[in-house]
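This briefing concerns the ligand site and the charged pairs of one structure. Please consult the sequence and the model shown here.

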Amino acid sequence: MKGFFVTFEGIEGSGKTTQINLFANFLEKNNYDYLITREPGGTFIGDQIRAILLNPKNIKMDPITEIFLYTASRVQHLAELIKPALAAGKIVVCDRFLDSTLAYQGYGRGISINFIEELNRLILDGVEPDLTFLLDIPPEIGVPRARMVKNDSCSLNGDRIERENMDFHQRVRMGYLRIAAENPERIKIINGNRPADEINKLISAHFEEVYAKILTNK
Ligand code: T5A
């Protein structure tokens with residue numbers, strides 16, 4: 001049996017990590033065979049690429065360098081983790097995937113959407129998410145939330161991308177909403193500005209509904 005690929009998307013601080021942790025509890029409790037991972041990163045090589053991408057000192061990074069680094073991380077991630085897990089029939093849950101590249105490098109940085117789609121067509125080998133949760137939240141709420149979280153390569157002012165201005169984050173949000181409008185079957189938009197446990201209930205219920213349909217059609 002082929003596995004099932006679930007991705008979580010949204011702007012900075014939209015609550016993806018929080019929701020993925022809650023969703024993992026749900027999967028665990030219900031005895032699903034699953035794998036949690038993230039982009040950029042997910043592998044030893046990918047985590048090193050992640051450190052370069054998020055380091056605030058890399059302020060001079062060219063947008064083309066940036067997109068190739070995100071893509072390189074994805075190639076490694078697909079080969080080492082995602083494809084083998086799907087082939088083993090697991091539910092793969094990934095914090096960010098191709099929609100992030102379209103939203104950030106495409107709508108945020110202005111790189112051609114056609115170029116991003118073609119580049120990813122070459123590397124994805126037909127792998128695409130079965131279901132995506134887009135946690136939608138205004139940047140004025142999400143970005144300050146994210147900047148407060150001190151993580152691997154950040155200071156309290158946020159990582160390299162979190163430090164972008166509000167116009168950039170607004171373009172990314174609008175880009176996400178456009179991608180969702182173009183993919184209504186796959187992408188479920190969830191209001192991220194609600195209590196975390198309410199969001200978790202919506203996500204678990206929607207997952208069960210979609211997953212049950214897939215099993216029935218197999
Ligand atoms: N990127 C990534 C690209 O540009 N192109 C690409 O192709 C890819 C794959 C990754 C960066 O790389 C960019 C996008 C990103 O800028 P990251 O550190 O993984 O960097 O960044 P994020 O995924 O944005 O992680 P964040 O931690 O910033 O955001 P999350 O995971 O959405 O938010 P979370 O859950 O950590 O929550 C943030 C804070 O909000 C609180 C939490 O407790 C936490 O303090 N919170 C809530 N507060 C109130 N109500 C709720 N419902 C809440 N949910 C969470």
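A salt bridge is taken here as a side-chain nitrogen of Lys or Arg within 4 Å of a carboxyl oxygen of Asp or Glu. The model is predicted: local features need pLDDT of at least 70, side-chain atom pairs count only at pLDDT 80 or more, and totals for chains, interfaces and linings use all residues. Residues are numbered from 1 along each chain as its sequence is written, and side-chain values use heavy atoms, without hydrogens and water.

**Salt bridges**
- The structure contains 13 salt bridges.
- In one of them, Asp 33 pairs with Lys 90, and their closest N and O atoms are 3.3 Å apart.
- This pair joins distant parts of the chain, 57 residues apart: Asp 33 is in the loop between α1 and β2 (34–38), and Lys 90 is in the loop between α3 and β3 (91–95).
- Helices (H or I, at least four residues) and strands (E, at least two) are DSSP runs numbered from the N terminus.

**Shell around the ligand**

- A polar contact is a pair of N or O atoms within 3.5 Å.
- A polar side-chain atom of Lys 16 lies 2.6 Å from a ligand oxygen atom.
- For Tyr 70, the corresponding distance to an oxygen atom of the ligand is 2.8 Å.
- An N or O atom in the side chain of Arg 74 is 3.4 Å from an oxygen atom of the ligand.

Conventions
A polar contact is a pair of N or O atoms within 3.5 Å; within protein, one must be able to donate a hydrogen and the other to accept it, and residues adjacent in sequence count only if both atoms are side-chain atoms.
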